[in-house]
Amino acid sequence: MASTDPLLSDQGEEEWDMDKLEPLSSQPAPPPRRSVVLRLVIVVSVITLTLLGITVAAMLSPLGEEPPTTSQAKNETKIQQQIQQQPRNVIFMISDGLGPASVSFARTYYQYIHNKPYDYEMPLDTIHVGQSRTRSASTLVTDSAAGATAFSCGLKTYNRGIGVDPQRKPCGTIMESAKMHLGMKTGLVATSRITHATPASFNSHVVDRDNENAIAVQQVGDNPLAMHVDLMFGGGYCHFLPKSSKEGCRGDERNLFDEAIANYNWSTVQYGNRSAWDALPADNASALPAISLFSSGHMSYEIDRDASQQPSLSEMTDKALQMLSNATKEGEKGFFLMVEGSRIDMAAHSNDPAAHVHDILEYQDTVALVKAFVDQNPNTLLISTSDHETGGLSLARQVSNRYPKYLWYPDVLKNIKSSTAELARKIQHMDTDAKVQNVKDNLGITDITDDEKKSLAKPTSVKHLDQFLADMVSLRSQLGWATHGHSGVDVNLYAYGHSAKELRGSRENTAIGLFLAKRLGLDLNTITLKLNENDPQFHLAPLTEEMKIEYTDHLDQYHHDERLLHHPHF
């Protein structure tokens, strides 16, 4: 029968009736027809090509092996696709306290001091993909602990909780799973204490962020997972030294640096020694695991940093990338590195625009460095975002009862040589004339008013003096601040490299952590169960839509208290 498929039927040719054909021996041979000859040629050609293909395949196959079947080829393709879906390296950058206004602020300042055109783009501008929504489980304005836990565990928690859920139970982190399940190298880089909220949320679990001594214990390896991060660069070595040590701030006599070497096989342990860190070989995998801390507390603001004592964020990140990439170059698995520009946030807490902008620009330099690494290592994913905004910065300020001019003055910041926090510590106990002279020399303010001089003359704390000096600068530059704390605005989301486009849009902060867990093929639930295996009350249940709504029901509520209302006076 003729085929009913128009692509298979031989249209225009006479159909053959097989029932009417007689045996070849008794039927006279019909005269050759061109169509029959053409069909025979095609058949012979197909057979010849098929045999030739089989022969070539056999010759190319390893001796004793058969060519792969169709199902085998499909399986191999699927495996290759899965491998391609997983980035080899992940660099997760967190610009603590950097909100959208601060991004604009730093860009405009950079354009001004470097004489760049108004459409000049900073490194982050070139990889902007969306926004991250920042509320926590307990309030509409998150802190760094809950904000970082949303990234590390992929869940909302209460303010002050480090690596725990709203019921105060430990939750598995993407860093822990990357290390335990995939065998990836892991690292933390921060300009804060390494035990501070953001870095701590990736490799420790405490119910209150202030328990940094307990965080330090877990970070060196004394934890339920019996594991540690491979690299830690930052500040805060006092939490690793015993209380009897001049530089220690622990409440016990544990020397965690000694324990790290003796009990947890750390290869490199350094603190307060930039020269030793500079000499640390980046191409020697035996130097890992490595911990190098450069200050007793937080590292210095970039504007105050003594380069002979402390490396910059970009220098620490560069060395971390070299060490981790060299340690993984021969293996199948890469690394997970968290980098935090910590002091962007702290400058905004002081409302200090100069310190704020210098740390933002250093973060931008670090982003440029990491982008270059991604270009050289295409199977790498860079994500950058903030845990929250700090300060409620506005690039305008109402300075009188008159209708304001539409402007702010970047030139006010150009000649500032010190953070207001550092200057406050320096001049706190000086007489008034010395304070005024230091303000002129370090903040570039030459038009100090009589009222400002009277305020400077009053004895006060370093904190209040810091905030007063910062306001002197902000007033003259006409920059506004809504708070010395955090705000609840959405923050920018940036991504570059492997699968970066998948992060486009407005994302809940938890979605970023869950995206990384899915993309890397991590198992956070197994880590969570391991952390809670000795807790009979612990249970692991998926978060339903009804449970998500309960987050709103438990938010802090407003109750009138006139003591909390301080109206500005004009």
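Modeller: Helices (H or I, at least four residues) and strands (E, at least two) are DSSP runs, numbered from the N terminus. In this predicted model, those runs place Asp-143 in the loop between β2 (128-133) and α4 (144-153).

Colleague: How many helices and strands does the protein chain have?

Modeller: The secondary structure of the protein chain comes to 19 helices and 12 strands. Of its 570 residues, 47% count as buried. Among contacts between residues at least 6 apart in sequence, 73% join residues at least 24 apart.

Colleague: Which residues is Asp-143 in contact with, leaving aside neighbours within four places in sequence?

Modeller: The list is Asn-159, Arg-160, Arg-209, His-388 and His-486. Two of these partners also have polar pairings with Asp-143. A polar atom of the Asp-143 side chain lies 2.9 Å from the backbone nitrogen of Arg-160. With Arg-209 the pairing is between side chains, a polar contact of 3.2 Å.

Colleague: Now the nonpolar cores. Which residues of the largest one touch the most other members?

Modeller: They are Ile-91, Val-189, Met-323, Leu-337 and Leu-469, in a core of 69 residues. Helix α12 (residues 353-376) gives the largest share of this core, 10 residues. There is also a second, separate core of 43 residues, with Val-129, Leu-188, Val-220 and Tyr-237 among them.

Colleague: What does Ile-91 touch, not counting residues up to four places away in sequence?

Modeller: Ile-91 touches Leu-321, Phe-335, Leu-337, Val-339, Val-370, Phe-373, Thr-380, Leu-381, Leu-382 and Ile-383.

Colleague: And pockets? How much space lies in the largest pocket?

Modeller: The general idea is that rolling a probe the size of a water molecule over the atoms shows where empty space is left. Here, the largest pocket holds about 1,200 Å³ of space.

Colleague: Which residues of the lining lie nearest the centre of the largest pocket?

Modeller: Leu-155, Lys-156, Pro-166, Leu-543 and Tyr-551 do, out of 37 lining residues. By class, the lining has 19 nonpolar, 11 polar and seven charged residues.

Colleague: Which helix supplies the largest share of the lining of the largest pocket?

Modeller: That is α19, with six residues. At least two lining residues come from each of α17 (509-520), α18 (524-531) and α19 (545-553).

Terms used
Residues numbered from 1 in each chain as written. Predicted model: local features only at pLDDT ≥ 70, side-chain atom pairs only at ≥ 80, totals over all residues. Heavy atoms only, no water. Core = buried A, V, L, I, M, F, W, Y, C linked by side-chain atoms within 4.5 Å. Buried < 20%, exposed > 50% of the residue type's maximum accessible area, 1.4 Å probe, protein only. Contact = heavy atoms within 4.5 Å. Polar contact = N/O pair within 3.5 Å; in protein donor to acceptor, adjacent residues only side chain to side chain. 1 Å grid on protein atoms, 1.4 Å probe; cavity = no way out; pocket = protein on both sides within 12 Å on 5 of 7 lines; lining within 4 Å. Points joined across faces, edges and corners; volume = space filled by probe spheres on them. Nonpolar A, V, L, I, M, F, W, Y, C, P; charged D, E, K, R; others polar.
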